[in-house]
Amino acid sequence: MPSVGSHMQQYGQGPSCWDRIKLGFGIGFAVGISAGALFGTFASLRMGLRGREFIGQVGKTMMQSGGTFGVFMSIGTGIRC
C-alpha cells in the first residue's frame with residue numbers, strides 16, 4: 001500500500017515551485033511569529049502595558065513580524081526556484 005504523499009515520488013518529481021514558495025512563507029511566518037512574541041512582549045512591558053492592551057499589542061507585533069518575514073522568505077524561495 002503506497003504511503004501518503006507518494007504520488008510525487010511516483011514520477012520522480014519533487015515539489016513544484018509554488019509548493020516551495022508556500023512552504024517558505026509558512027516557515028518564515030512561524031519564525032516571524034516567534035520573534036514577534038519575544039520583541040512584542042519586551043516592548044509592551046517596557047511601555048507599561050497590562051491586561052487587554054498588553055495582549056493586543058503583543059498579538060499585533062506577532063502578526064506584523066510574521067507576515068513581513070513570511071513574505072521575504074517566500075520571495076527568497078521564489079528566486080531560488
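## A friendly note on this predicted model

1. Let's start with cysteine 17, which counts as partly exposed at 34% relative accessibility. Please keep in mind as you read that this is a predicted model.

2. Which residue is the partner of cysteine 17 in a disulfide? It is cysteine 81, and the two sulfur atoms lie 2.3 Å apart. This pair links distant parts of the chain: cysteine 17 sits in helix H2, cysteine 81 in the segment after H3, and 64 residues separate them. The structure holds 1 disulfide.

3. Have a look at the S-S bond of cysteine 17 and cysteine 81 too. The torsion about it is about 115°, so the disulfide is right-handed. Cysteine 81 has a relative accessible area of 43%, which makes it partly exposed.

4. Now follow helix H3, which runs over residues 52-80 and has 29 residues. From first C-alpha to last, H3 reaches 42 Å, close to the 42 Å expected at 1.5 Å a residue.

5. What do the buried residues of H3 pack against? They pack against helix H2 (17-47). The buried residues of H3 include Phe54, Val58, Gly66 and Gly70.

6. Why is threonine 61 called buried? Its relative accessible area is 18%, and buried means under 20%. Leaving aside residues up to four places away in sequence, threonine 61 touches Gly36 and Gly40.

7. Finally, a word on the record: an unreviewed UniProt entry annotates residues 23-45 as "transmembrane region". In the model, the chain over residues 23-45 is 100% helix and 0% strand, with its end C-alpha atoms 33 Å apart.

Terms used
Residues numbered from 1 in each chain as written. Predicted model: local features only at pLDDT ≥ 70, side-chain atom pairs only at ≥ 80, totals over all residues. Heavy atoms only, no water. Helix = DSSP H or I, 4+ residues; strand = E, 2+ residues; numbered from the N terminus. Expected span 1.5 Å × (residues − 1). Buried < 20%, exposed > 50% of the residue type's maximum accessible area, 1.4 Å probe, protein only. Contact = heavy atoms within 4.5 Å. UniProt positions renumbered as here; feature names shortened; annotations may be inferred. Disulfide = S-S within 2.5 Å.
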